[in-house]
Amino acid sequence: MSTRYLQVAGHDVSGDHYIDGQRIPGKTRFELHCPIDQRLLGTISEGDEEHIEAAIQAAQRAFATWSLLSAAERLPYLERFADEIGKRAEALCAVESNDAGVLLSRMRHGVVPRAKLNITWFARHALELQHRPIDTDQAHHIVKHDPAGVTVIITPWNSPLMLSTWKLGPALAAGNTCILKPPEWAPLTCSLLADAAHAAGLPPGVFNVVQGTGARTGARLVSDFRISRISFTGSVPTAKLIAQSAAANLVPCSLELGGKSPFIVLEDADLDSAAATATLMYRNAGQVCLAGTRLLVHKNVVDQFVIKMRALVDQLVVGDPRDEATEVGPIIHPRQVERVKGFVDRAVACGARLLWGGQPHSFGPQYFQPTLVTDVAQDDEIIQNEVFGPVLTLQTFSSDDEVVSKANGTDYGLGGICYGETSHAQAIAERVRTGFIWVNSFGIRDLAAPFGGIKRSGIGREGGDWSFEFFCDVKDVVIPKKPFRASFSHR
Ligand code: NAD
């Protein structure tokens, strides 16, 4: 059977698996629709037992040689991989705009350059990881970062290219072989990544893509005893299922999950900057895990803040993500639109008040108005659960202790944002229980810095050395400094 290509914005994209260096079509297929207008983009192979078995075996075979290369020997392969990603920049931008609804402008200026960097940065960083000696009176310890083995990578639909490369970069640089299971609602840029890897000459089996749904293909992959690592980004309920499968085989898993991050505006904040940044939370139609979706604004400045933010929200351009001028695009799937609307409707039915938005947007059925909900209590559903749409909540506070208590008052702990006089904002930021928090800023990411959540927002950290700690087996090779004489008194 030959591979089937989907035609997306003039680009050919395979809807099939990529296993052992070859395109493999599936026997069963599922439909892929465009989030912009729900038109059918084509069909995608569903990975079944046969494909999963082939991918695991290919990854195991490839591991035998890829893992033996030094980081310096892997570097040229990965640099070529990044180059090939760069050569496909236009296709990647157009395709992810069409299958995930991500803004074309964001793909061009943010995601694709970052995807390349995700590969090259970790490949170069791996050169520094080889030996970190520990010297004691007794012995010289050579601490090695050995590749762990076959790694399963599972990513969500809201940023598939960025998140897949963010995991693939360190996993491959560390010497692992990978099986990527893309999100079924936005699987196409992961398929283009396979083309890039192929053109770069990555040895067969080093990087495999098995397409499919989470419940079937994903669940089968993560339950395999031959897997050495599972790196997952997605929702809390899925993470619980994956953690159970991983536990059954004692496989380490890294879980990057949802968020309900506080956006704190202190009385001494620069309200213009705070309002401008708060408006950014509608980016990607709010389908961003690290967005500060709970606005917590000091009661003495809340009226001014709301007026300033309203003026900016009124200017937001909601529309087709393929138009460079668009600032807020579509919601990925009709089911997700319903989910977002459900949260808002239930909040209003319980007494919440809409300051703006609250309805599907006139641009089309896949679009939802940027929304701000207030008069909400801390234990309300809309405060406690991730909406994952263009919906923010507004609460007020009158003291530092109150805002810290409200900020920490959910089961999530991914990120946060705090606006205020710098030392004041920093002091509050340090009391907020999350994996990261931005002071008077938002979205500054450095590949060397740790990224991840606490509480229900995840387990583990990605970025810099933290990625390598996860994707490697750290081994201590102990060389005694004096001749060793065996004795039962030794401990
Ligand atoms: P999801 O959990 O439904 O799906 C994520 C991936 O898991 C998909 O590829 C899916 O096919 C797969 N999957 C589903 N069921 C599975 C199973 N039983 N076994 C194995 N794999 C399975 O999440 P989603 O709706 O695609 O993504 C949105 C979620 O992702 C939000 O909660 C968002 O906050 C979170 N997210 C977190 C981060 C982060 O870095 N913390 C980044 C982006 C998105």
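Is Asp146 buried or exposed? Asp146 counts as buried, at 17% relative accessibility. Here buried means under 20% relative accessible area, exposed means over 50%, and partly exposed lies in between (1.4 Å probe, protein chains only).

Some ground rules come next. This is a predicted model, in which local features need pLDDT of at least 70 and side-chain atom pairs count only at pLDDT 80 or more, while totals for chains, interfaces and linings use all residues. Residues are numbered from 1 along each chain as its sequence is written, and side-chain values use heavy atoms, with hydrogens and water left out.

Stay with Asp146. Its side chain meets that of Lys475 in a salt bridge, 3.1 Å from N to O. A salt bridge is a side-chain nitrogen of Lys or Arg within 4 Å of a carboxyl oxygen of Asp or Glu. Asp146 lies in strand E8 (139-147) and Lys475 in strand E24 (472-480), so the pair ties together parts that are 329 residues apart in sequence. Helices (H or I, at least four residues) and strands (E, at least two) are DSSP runs, numbered from the N terminus. Lys475 counts as partly exposed, at 41% relative accessibility.

Now the overall layout. The domain assignment gives domain 1 (5-257 + 457-477) and domain 2 (262-439). Such bounds come from an automatic or database assignment. The two domain centres, taken over C-alpha atoms, are 31 Å apart.

How many residues of domain 1 are in contact with domain 2? The count is 23 residues of domain 1, against 27 residues of domain 2. Contact means heavy atoms within 4.5 Å. Between them, the domains bury about 2200 Å², with 57% of it on carbon and sulfur atoms. Buried area is the accessible area (1.4 Å probe) that two parts lose on being put together, summed over both.

Turn to the polar side of this interface. Eight residue pairs are in polar contact across it, both residues at pLDDT 80 or more. A polar contact is a pair of N or O atoms within 3.5 Å; within protein, one must be able to donate a hydrogen and the other to accept it, and residues adjacent in sequence count only if both atoms are side-chain atoms. Helix H3 (89-99) and helix H4 (104-125) each supply at least two residues of the side of domain 1 that touches domain 2. H4 gives the most to that side, with five residues.

One salt bridge is counted between domain 1 and domain 2. The side chains of Glu324 and Arg108 meet in a salt bridge, at 2.4 Å from N to O. Arg108 also pairs with Glu90, at 3.1 Å from N to O. Arg108 is partly exposed, with a relative accessible area of 30%. Glu90 is partly exposed too, at 44%.

The whole structure holds 29 salt bridges. Among them is Arg29 with Asp16, at 3.0 Å from N to O. Arg29 lies in strand E5 (29-33) and Asp16 in the loop between strand E2 (11-14) and strand E3 (17-19), so the pair ties together parts that are 13 residues apart in sequence. Asp16 is buried, with a relative accessible area of 0%. Arg29 is partly exposed, at 21%.
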